[in-house]
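Reader: Could you walk me through the salt bridges here, please?

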Amino acid sequence: MYEHYLIVYDILNPIRLRRLAKIAQDYGLRMQKSVFEAEMTPSELQSMKIRMKKIIHPAEDGIKIFRLCQSCEAKRTGVGKGVPELPDAAWHIF
């Protein structure tokens, strides 16, 4: 079963930053520079986390992953730039 996630990160080193962004792009859609949304199964989420843990330095970098419940998704709002072109109907926009 797919669940919707918000992935945000703050990575100090530019090389690690690029590597982590590439991993996030494998699973989701970039919403802002260090913010992605993804619909993943539990096994995909676990796979992504394992890959990301291999890249970061926990003393310098941070990753946060939030599961977005359906009622939370219905309450989202936003304005301004950053609304991406969506690849299919499965993606939701602000």
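Here are some questions and answers about charged side chains.

Author: Happy to! This is a predicted model, where local features need pLDDT of at least 70, side-chain atom pairs count only at pLDDT 80 or more, and totals for chains, interfaces and linings use all residues. Residues are numbered from 1 along each chain as its sequence is written, and side-chain values use heavy atoms, with hydrogens and water left out.

Reader: How many salt bridges does a search of the whole structure find?

Author: A salt bridge means a side-chain nitrogen of Lys or Arg within 4 Å of a carboxyl oxygen of Asp or Glu. With that criterion, searching the whole structure gives a total of 4.

Reader: Is Asp61 buried or exposed?

Author: Buried means under 20% relative accessible area, exposed over 50%, and partly exposed in between (1.4 Å probe, protein chains only). Asp61 has 8% relative accessibility, so Asp61 counts as buried.

Reader: Which helices hold Asp26 and Arg51?

Author: The side chains of Asp26 and Arg51 meet in a salt bridge of 2.8 Å, N to O. Because the two residues sit in separate helices, the pair ties together parts 25 residues apart in sequence. Helices here are DSSP runs (H or I, at least four residues), numbered from the N terminus. Asp26 is in α1 and Arg51 in α2.
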